[in-house]
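Hi everyone, thanks for coming. Let me put the structure up on the screen, and then we'll walk through a few spots together.

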Amino acid sequence: MNNHISYQTVRTRLEERNLRYRTLALPGGCEILVMEMGGRVFGPYRQAGDEGIFWVNKAFADRKSFASFLEDPKEWCFGGDRYWVTPEFPFFCRRRKDFFASYVVQKGIDPAEYTLKTDPYGNLFLQSELRGELYENEIGSKEALLEKTVRANENPLRYLDKYGEYMQEVTFTGFEQEAVIYDTSKEKELELELWNLTQVNPGGQILIPYTRDFGYVDYYAPVDENIISDRGSHIAVNVRSSVDHKLGFYSATTLGRAAYLTELEGGTWCLFVKNYYNDPSAYSVGEPWNQPGKRGCSLYLYIDGGAQGGFAEFENVGRAIGGSTGRKMSVDNTNYWFYYGAKASLMEIASVLLGTEIGFNS
């Protein structure tokens, strides 16, 4: 469910608990809010009463529920946008053969210990030393330094001849996250990837363009036509389900862009395009718990079945570091572009940015 947590409500809860945050002004008069704890990004917000596109946990709704959430050692799911590291096993699962029952979010990975400051150019800079135990692995543990800069960015359509036509009665806002991860472990055997996860509200669809020989990997319960539709050059995934789903999409047949299209209150629509670095030749570490060796994906979708709020996680990974890669650091740039307006106008923009015709049946 969309928990309808406004910008002002998020700020109030954080201030009540003396949790540090900073805001960043974006094009179109919008803002995002970046929370130091967990390095979360919330928004974007067009005004104080706005709910944003990113899903926010219902615990933010009132003082008491938020206090209980913070005091529960098992709670971690604030919402918004965050960074983890993958492979999911052995970082997040104590026993691979008992994946779901033994799943754990280690505090050294989330919320970790971030520092947040504003750099000389007005951008937001966060840093954290991520630490994780490696379950059922002889190496024992792994450390990595994460640094990320959050900055406003420009409309990618602005140089096109038809820019004015595309943007008629359409508003744009956007930001970028540049994340750098360094392998700081003494032991270098294990390869890992930086893992970006953006939680979006239930409802709407995620649109993924593809090339030939398209396929995907079912991690959890298999999807059917109620969840996923093949449109010939892109797929549409409905952000609604009664069971948990996770899908992995191969880097060789996806293009580094995908979008989330949803209707807001009052009849306005929002198109959120995620643009990330996609390297099909990179060493791949992510794989399903029950399909060892099934690798090669750079884009993932998790759809919550309702137990945690019905959100979707719009995920991508960076290039692997450590171990056999010989790479001690990697830079991951992800752009977040948001367009607000009539559905027909946003379909046109989606067609341009995704490289395929996006019609009303999507």
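Predicted model: local features only at pLDDT ≥ 70, side-chain atom pairs only at ≥ 80, totals over all residues.

Now let's zoom out a bit. Ile206 belongs to the largest nonpolar core, which has 74 residues. Along with Phe175 and Phe338, Ile206 is among those with the most contacts inside that core. And who gives the most to this core? That's strand 17, residues 297-303, with six residues. There's another core lying apart from that one, with 21 residues, including Tyr166, Val170, Leu353 and Leu354.

Next up, the backbone. Take a look at Pro87, in the loop between strand 4 and helix 3. Then find Pro90, which sits in helix 3. The bond from Phe89 to Pro90 is cis too, and omega is near 25° there.

Last stop: positive phi values. His4, in the segment before helix 1, has phi near 55°, and His4 isn't a glycine. Asp213 also isn't a glycine, and its phi is near 55°. You'll find Asp213 in the loop between strand 10 and strand 11.

So, are these two buried or exposed? Asp213 has a relative accessible area of 72%, so it counts as exposed. His4 is at 44%, so it counts as partly exposed.

Key
Residues numbered from 1 in each chain as written. Heavy atoms only, no water. Core = buried A, V, L, I, M, F, W, Y, C linked by side-chain atoms within 4.5 Å. Buried < 20%, exposed > 50% of the residue type's maximum accessible area, 1.4 Å probe, protein only. Helix = DSSP H or I, 4+ residues; strand = E, 2+ residues; numbered from the N terminus.
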